[in-house]
Amino acid sequence: MSRIGKQPVLIPGGVTAEVSGQSITIKGAKGECSYVAPACIAVAIEENNVVVSRTDDSKFGKAMFGTVRSLVSNMVVGVSQGYRKDLIIEGVGYKAVMQGANKIILSLGYSHEINYDIPEGIKVEVAGGGTAVSIEGIDKQLVGQVAARIRDYSPVEPYKGKGVRYNGEHVRRKEGKAVA
């Protein structure tokens, strides 16, 4: 049995949860999330908690037991507090500029600018003269995916430290070539 799957998910104040069949919908101050659980997983609401249980002993059911519980927990946290990832852009001429509310233009040392369309449900803010990017949303997976995609355009290189990195990410620096 999954230790994570056995734990109930507490529904905090200001958050409502509805279960209809295999579908669960979580509503809160920041928005609404929904998820359809596989047939081998049962989701129920008991005394202000969301309880996840298996309906069979299949290998897939055992694998999805803890996963579904974690997804429900992430939805509850997302609609009540939200998720946030901060990126730092380092390098001469490296910057980000917002164009409207749903497009970010990245200058990352290439011969061209990179235009990235921000998905629905994600809020991006650029600060610090274009060197600090903040990504917020209620879907943990989508926030992480947007941050990873922006970071993948120019990962930090170990010699000068130029590129895009997460706030708090440690980049191991290398020594350059030694001249004789």
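A salt bridge is a side-chain nitrogen of Lys or Arg within 4 Å of a carboxyl oxygen of Asp or Glu. The structure is a predicted model, in which local features need pLDDT of at least 70 and side-chain atom pairs count only at pLDDT 80 or more, while totals for chains, interfaces and linings use all residues. Residues are numbered from 1 along each chain as its sequence is written, and side-chain values use heavy atoms, with hydrogens and water left out.

Across the whole structure, a search finds six salt bridges. The table gives some of them.

| Salt bridge | N to O distance |
|---|---|
| Arg 54 and Asp 57 | 3.1 Å |
| Arg 84 and Asp 86 | 3.1 Å |
| Arg 151 and Glu 169 | 2.7 Å |

Arg 151 belongs to helix α3 and Glu 169 to the segment after β13 (163–166), so this pair ties together parts 18 residues apart in sequence. Helices (H or I, at least four residues) and strands (E, at least two) are DSSP runs, numbered from the N terminus. A network of salt bridges links Arg 84, Asp 86 and Glu 136.

Exposure is given as relative accessible area (buried under 20%, exposed over 50%, partly exposed in between; 1.4 Å probe, protein chains only). Asp 57 is exposed at 59%. Arg 54 is partly exposed at 23%, Asp 86 is partly exposed at 25%, and Glu 169 is partly exposed at 25%.
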